Amino acid sequence: MGAGPWGNPLLLLAALALVARLGQLQQWSGLQESTSPKNVNSTLAFFMEAYNNNSNDSYLFRVDQLLRSQVQLTTGVEYLVTVKISRTKCKRNSTNNPWCPIQSKKKLQKSFICDFLVYTVPWMNHYQLWNNSCLDA
């Protein structure tokens with residue numbers, strides 16, 4: 001009779017991969033629309049600081065429009081956010097003003113739609129950018 005279906009290492013590996021994938025999908029089953037503007041704003045500020053610090057652009061970017069904000073409670077708070085960010089009139093090292101006006105000169109205008117995932121423990125002022133991707137808007 002043999003060792004049964006689990007005697008085949010490929011079948012066992014496939015079963016483990018399926019269980020892991022289902023676990024990842026279920027991890028986000030508790031996702032809800034975010035209703036806390038204070039925490040969303042601090043999460044957006046964290047993301048924009050990280051984005052601008054890693055950008056090679058001569059100008060700063062800022063959130064132009066919040067498109068979606070979802071939250072899941074875990075050991076902290078996970079925010080899955082979609083925003084439109086746009087280039088501002090402020091040069092990189094000239095200011096830290098997060099409310100610089102959006103670039104109005106046609107040839108300097110640039111926008112992206114960004115999805116990002118931030119893990120935060122807001123009561124400890126702890127933030128981690130777990131994932132982000134931006135596409136031309």
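## Around Leu 44

Leu 44 touches Val 63, Leu 66, Val 81, Val 83 and Phe 116, once residues up to four places away in sequence are set aside. Keep in mind that this is a predicted model. Leu 44 is also one of the residues with the most contacts inside the largest nonpolar core, along with Phe 47, Met 48, Tyr 51, Val 83, Ile 85 and Phe 116. That core has 18 residues. Helix 2 (37-54), strand 2, strand 3 and strand 4 are the elements that give two or more residues to it.

## The overall layout

Zooming out, the chain has 2 helices and 5 strands, and from the N terminus on they run α-β-α-β-β-β-β. Of its 137 residues, 31% count as buried. If you look at contacts with a separation of 6 or more, 63% of them come from residues 24 or more positions apart.

Strand 2 (residues 59-73) and strand 3 (residues 77-91) pair in the antiparallel sense, with 12 bridges between them.

Is Asn 125 buried or exposed? Its relative accessibility is 61%, so Asn 125 counts as exposed.

## Cys 114 in strand 4

Cys 114 is found in strand 4. With a relative accessible area of 0%, Cys 114 is buried. Leaving out neighbours within four places in sequence, Cys 114 is in contact with Phe 47, Val 81, Thr 82, Val 83, Ile 85, Ser 133 and Cys 134. Among these, Phe 47, Val 83 and Ile 85 also turn up in the list of residues with the most contacts inside the core.

How many salt bridges does the structure hold? There are 2. In one, the side chains of Asp 57 and Arg 87 meet at 2.5 Å, N to O. This pair links distant parts of the chain, 30 residues apart: Asp 57 sits in the loop between helix 2 and strand 2, and Arg 87 in strand 3. Both Asp 57 and Arg 87 are buried.

The other salt bridge joins the side chains of Asp 64 and Lys 84 (3.9 Å, N to O). It runs from strand 2, which holds Asp 64, to strand 3, which holds Lys 84, 20 residues apart. Asp 64 is partly exposed at 36% relative accessible area, and Lys 84 is partly exposed at 25%.

Then there's Glu 78, which lies in strand 3. Glu 78 is buried yet has no salt bridge. Which side chain of opposite charge is nearest to Glu 78? That's Arg 68, 12 Å away. With a salt bridge needing nitrogen and oxygen within 4 Å, Arg 68 is out of range for Glu 78. The side chain of Glu 78 does make a polar contact with the side chain of Thr 74, at 3.2 Å.

Notes:
Residues are numbered from 1 along each chain as its sequence is written. This is a predicted model: local features need pLDDT of at least 70, side-chain atom pairs count only at pLDDT 80 or more; totals for chains, interfaces and linings use all residues. Side-chain values use heavy atoms; hydrogens and water are left out. Two strands pair if DSSP finds at least two bridges between them. Helices (H or I, at least four residues) and strands (E, at least two) are DSSP runs, numbered from the N terminus. Buried means under 20% relative accessible area, exposed over 50%, partly exposed in between (1.4 Å probe, protein chains only). Lys and Arg count as positive and Asp and Glu as negative; His and the chain ends are not counted. A polar contact is a pair of N or O atoms within 3.5 Å; within protein, one must be able to donate a hydrogen and the other to accept it, and residues adjacent in sequence count only if both atoms are side-chain atoms. A nonpolar core is a set of buried Ala, Val, Leu, Ile, Met, Phe, Trp, Tyr and Cys residues joined through side-chain atoms within 4.5 Å. Contact means heavy atoms within 4.5 Å.
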